[in-house]
Amino acid sequence: MATLQAFSEPPWVNQPSPFYNESHHRLRKWAIAWADKYLAPVAASWEASGKRDEAVFAQAGKDGILLAFAFGAKMDATAAAAAGVSPPAGIKPEEWDNFHDFVLIDSLCTVGSGSAFMSLHSGLAYGAGPIIHFGSPELKKRLLPDLLNGKQRISLAITEPNAGSDVANVGGTTAEKSKDGKHYIVSGLKKWITNGIYSDSFTVLARTSGKAGDPTGLSFLVVPRTEGVSTKQMAMVGAHATGTTLVEMDEVKVPVENLIGKEGDGLKYCFYNFNHERLTIAFIALRYSRVCLEDAIAHCRRRIVFGKPLLEQPVVRHKFAHCAREVEALQSWCETLTYEQQQLSTLEANVRTGGRTALLKAHAGIVLEKTVRECTQQLGGMGITKGGAGGRIERIYREVHMLTIPGGAENLLLDLGVREELKLVAKRQGHKL
Ligand SMILES: Cc1cc2nc3c(=O)[nH]c(=O)nc-3n(C[C@H](O)[C@H](O)[C@H](O)COP(=O)(O)OP(=O)(O)OC[C@H]3O[C@@H](n4cnc5c(N)ncnc54)[C@H](O)[C@@H]3O)c2cc1C
């Protein structure tokens, strides 16, 4: 799908970089070929039907893509072996690093379609995290193999109609122990759950004690799609096949063994996973920005207006320049934070990079919003027409806020970013804020 245009590829592909080695280049080629073969041909039809094709999801499982999505950066070789899958492009599980994570997401997103990418990625990538990091050995052994090889599907269910940005306000979903102590009885409604329609189970944040607003009474449970669970796809602005879903749970019997970690620690686990989620959303927004530049520059080379190609107009190049300087700066910021997170444990990375990762995620959305706007303008009518030269740009234009709102909306993340950095400075100076 990718064509060679200025700014269509990140600099490391052709220039020296301290962050990438031969395996990252190999992975990039492999993943672009995979996306061209399995995703590019179906992106438009999945978007139109609002459904992904399960055969492609199964292929992603077989080829180790789902394994990579679930672990993100640091991969557990034993879990990979138990699932019978290996990472893509011949990379060993113990070699898989944060830049492989970045390159895989970046390369698969060259299709420029949330329906194609997020329909495979986001339920598992965000839903498996709490199990991987905090699940009991028994829970991991029971659930992980089939999640990692794609035989089972999962999604993350935190948000409720009355609890979005304010996660501690989760209260509409309750989990009460049965009298015999063998089950939790779970009831409640979860909203905007990505990949929910496809899921066999849900990583649910539920209230096991206290009232909405109390941060200590929340727990994570794996709720299987069983009696009492119903799902309904929501009508969104774009990326329809990601399957944004309402999940209703009505007195669902969940074995107590499906509790993730400790009762009451759910909010802590939630925050633990947010940092990586936000970084990956920035990766997607970065690649989407490049896709917009790629298609707009290609169009402006071809399109003759007033007797010459649009790209020969300085004012048009000036528009691209302003987008490109922000895209290239975003690339460097993503690489810096990826490098820092690679050097630190997840916990340390959350503390030391959490604020700047929140700012990065908000910034990436702002860069994409500006880039897609400018690129749409350069295409004229083609920029708002489905299919054809502006097809990817039109699709991304509708998808921008499918990235800026999940994982923390802009106001919240900008404020969080500053507060976290203030805390770090205060800590370094040896006093509390
Ligand atoms: C496409 C999509 C996919 C999603 N996928 C999932 C998923 O898989 N799982 C899941 O659990 N949830 C998911 N969500 C939910 C998502 O996490 C929430 O939508 C998000 O956290 C914002 O919550 P909200 O929509 O309730 O907005 P609100 O919390 O009502 O916020 C509305 C606006 O107010 C701003 N705001 C909030 N607090 C403040 C403040 N203190 N000061 C100033 N401004 C503030 C916010 O930044 C936002 O702009 C998804 C949402 C979307 C749109």
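Predicted model: local features only at pLDDT ≥ 70, side-chain atom pairs only at ≥ 80, totals over all residues.
1. Residues are numbered from 1 along each chain as its sequence is written, and side-chain values use heavy atoms, with hydrogens and water left out.

2. On to the pockets. On a 1 Å grid over the protein atoms alone, a pocket is an open set of points where a 1.4 Å probe fits, with protein on both sides within 12 Å along at least five of seven lines, and lining residues have an atom within 4 Å of a point. The largest pocket holds about 1,400 Å³ of space, a volume being the space filled by probe spheres set on the points, with grid points joined across faces, edges and corners. It has 50 lining residues, and Phe 274, Glu 277, Arg 278, Gly 407 and Gly 408 sit closest to its centre.

3. Who builds that lining? At least two residues each come from α7 (114-127), β3 (183-193), α10, α12 (346-379), α13 (391-404) and α14 (410-428). The top contributor is α10, with eleven residues. By class, the lining of the largest pocket has 27 nonpolar, 15 polar and eight charged residues (Ala, Val, Leu, Ile, Met, Phe, Trp, Tyr, Cys and Pro are nonpolar, Asp, Glu, Lys and Arg charged, and the others, Gly among them, polar).

4. The second largest pocket comes in at about 370 Å³. Of its 21 lining residues, Phe 71, Ala 73, His 133, His 276 and Thr 346 are the closest to the centre. Here too α10 gives the largest share, five residues.

5. Now α10 as a packing partner. The axes of α6 (residues 98-108) and α10 (residues 266-302) come within 9 Å and cross at roughly 40 degrees; axes are lines fitted to C-alpha atoms, for helices over the stretch in contact, and angles run from 0 to 180 degrees between N-to-C directions. The contact (heavy atoms within 4.5 Å) includes Phe 102 and Ile 105 of α6 and His 276 and Phe 283 of α10. Its residues divide into five nonpolar, two polar and three charged.

6. Helix α6 also packs on α1 (residues 22-39), at about 30 degrees with the axes 8 Å apart. Among the residues that meet are Leu 27 and Trp 34 in α1 and Phe 99 and Leu 104 in α6. That contact has ten nonpolar, four polar and one charged.

Methods. Helix = DSSP H or I, 4+ residues; strand = E, 2+ residues; numbered from the N terminus.
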